[in-house]
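Please keep the sequence and the structure in view while reading.

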Number of protein chains: 2
Amino acid sequence: MSGKRFLGGALALLAGSASAQDNNSTLPVNFGMVLFPSFQAFDVFGPLDALNVLSMSYPINLYLISSTLDPVSTAPRSAGMNPHNSNFSQALVPTHTFEDAPALDVLMVPGGLGTRAGDLDPTIAYIADAAGEAEYVLTVCTGSWLAARAGVLDGKNATSNKASWAGREGLGNGTNWIAHARWVEDGNVWTSSGISAGIDMTLTWMESVFGNDTATSIANKLE
Amino acid sequence: MSGKRFLGGALALLAGSASAQDNNSTLPVNFGMVLFPSFQAFDVFGPLDALNVLSMSYPINLYLISSTLDPVSTAPRSAGMNPHNSNFSQALVPTHTFEDAPALDVLMVPGGLGTRAGDLDPTIAYIADAAGEAEYVLTVCTGSWLAARAGVLDGKNATSNKASWAGREGLGNGTNWIAHARWVEDGNVWTSSGISAGIDMTLTWMESVFGNDTATSIANKLE
């Protein structure tokens, strides 16, 4: 399925479908978000805030996972990324490292300028491991580049950020990159376009897993 | 001005207007976001991620301001707020306390369940002080309750979260609470409705202060 445009689209989609999941015992419980320096804040917090609301209706756990337990900042990693010498960033506290993170039901990977860094091998190795165990993998924006490098998108349909579309070239073994999609679902792997598309994808994923009533209620709470 | 609905509305608004601000020397530089336990993540990160993108085009600084420098969590503050015993939260690292924060050009106040807590007097005192010095005050969701308690909305038009609309009753001295608005601008004080309305308000505020081209470019980058 390719994503319709924006939250209005997601809501229209939600309104027309029946509950997809009535058996709570099979619902995902353990969610993990990978963090790396210079992640895009909205890629992380769009999906997570929809899930923050979900956590008041279902018993779910969140693990914020990075290379160390040091706070992970959105700050640009080079002067070239910050031409006006701004001092404008946010730092998020991880709960686990790649070494001690528990097994996940849902693995989430954000994008951001940090996906272009040269030191992401441990991050990609973790994504490969965690995706192998997870029931679902969700990526936002250029997070799909990391998933592709981890082999998660081999032979799959996927999408990525449109403003940096060329960056996906050569990534993924037989990956079919779909340019005109707000998000793409292929089996248990969901990939979305840039930034705000991530929340639309998350709401639609939530509908397919937790049912229409839950997803509509959460979309309304997010106004 | 009352806000149109959602980002599509903000974009339509942006597309039709001329640049509002050509003199960089008068542009705001120092932005501060107030943090308190159990803030709503999207209220903080919707506006901040639009400003993260702006920081690549203009020299701006961000201060994350709370009662102490300890990380501030979105976690519910009581068992009653977390009926399914979820463990699902994010913790953000402040850069300054209420005591040592620098003077701000733009004061931002998020909402969230934490705005109902009983120990917010120092937060409200800080908002009163900082708003007196700031060129602009922007609140998201129930952040307007705190601004009202700080006297910032006295005699002003304002709005707040619609799902918790009754909570604004009695707040503000002569405040005209407008129910049917996605956001409200009254002089230098902008108040928005729940959660995702904050990013629409921020983009429109950005247009009025930094000009149409900048705001449209940022809205496009956020896809």
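## Aromatic pairs, chain contacts and salt bridges

Over all chains, the structure holds 16 aromatic pairs. In one of them, the rings of Phe45(A) and Phe45(B) have their centres 3.6 Å apart and their planes at 5°, so the pair is stacked. The model is a predicted one.

**Aromatic rings**

- A pair of aromatic rings is described by the distance of the centres and the angle of the planes.
- Phe45(A) lies in helix α2 (residues 41–54) of chain A and Phe45(B) in helix α2 (residues 41–54) of chain B, so this pair joins two chains.
- Both Phe45(A) and Phe45(B) are buried.
- The rings of Tyr58(A) and Phe210(A) have their centres 4.8 Å apart and their planes at 65°, so this pair is edge-to-face.
- Ring pairs link Tyr58(A) and Phe210(A) into a cluster with Phe31(A), Tyr136(A), Trp205(A) and Phe88(B).

**The interface between the chains**

- In the contact between the chains, 50 residues of chain B touch 50 residues of chain A.
- The size of an interface is often given as the accessible area lost when the parts come together.
- Chain B and chain A bury about 3900 Å² between them, and 58% of this area is on carbon and sulfur atoms.
- The number of salt bridges between chain B and chain A is zero.

**Salt bridges**

- Side chains of opposite charge can pair when their charged atoms come close.
- Six salt bridges are found over all chains.
- One of them joins the side chains of Asp119(A) and Arg77(A), at 2.7 Å from N to O.
- Asp119(A) lies in the loop between β6 (106–109) and α3 (121–133) of chain A and Arg77(A) in the loop between β3 and β4 of chain A, so the pair ties together parts that are 42 residues apart in sequence.
- Asp119(A) is partly exposed at 45% relative accessibility, and Arg77(A) is partly exposed at 38%.
- In chain B, Arg77(B) forms a salt bridge with Asp119(B), and the closest N and O atoms are 2.7 Å apart.
- Arg168(A) and Glu169(A) also form a salt bridge, with the closest N and O atoms 3.7 Å apart.
- Arg168(A) counts as buried at 16% relative accessibility, whereas Glu169(A) is exposed, with a relative accessible area of 55%.

**Chain A as a whole**

- Chain A has six helices and eleven strands.
- Of its 223 residues, 61% count as buried.
- An unreviewed UniProt entry places the feature "domain: DJ-1/PfpI" at residues 34–207 of chain A.
- Over residues 34–207, chain A is 26% helix and 19% strand.

**Helix α6 of chain B**

- The buried residues of helix α6 (residues 212–221) of chain B are Asn212(B), Thr214(B), Ala215(B), Ile218(B) and Ala219(B).
- These residues cover an arc of only 165° around the axis, which puts them on the same side of α6(B).
- The face turned away from the buried side of α6(B) carries the exposed residues Asp213(B) and Asn220(B).

Technical notes. Residues are numbered from 1 along each chain as its sequence is written. Chains are lettered from A and ligands numbered from 1 in the order in which they are written. This is a predicted model: local features need pLDDT of at least 70, side-chain atom pairs count only at pLDDT 80 or more; totals for chains, interfaces and linings use all residues. Side-chain values use heavy atoms; hydrogens and water are left out. Buried means under 20% relative accessible area, exposed over 50%, partly exposed in between (1.4 Å probe, protein chains only). Helices (H or I, at least four residues) and strands (E, at least two) are DSSP runs, numbered from the N terminus. The arc is that of the directions from the helix axis to the C-beta atoms. UniProt positions are given in the numbering used here, feature names are shortened, and annotations may be inferred rather than shown by experiment. Rings of Phe, Tyr and Trp (its six-membered ring) pair if their centres lie within 6.5 Å; planes under 30 degrees apart count as stacked, over 60 as edge-to-face and the rest as tilted. Contact means heavy atoms within 4.5 Å. Buried area is the accessible area (1.4 Å probe) that two parts lose on being put together, summed over both. A salt bridge is a side-chain nitrogen of Lys or Arg within 4 Å of a carboxyl oxygen of Asp or Glu.
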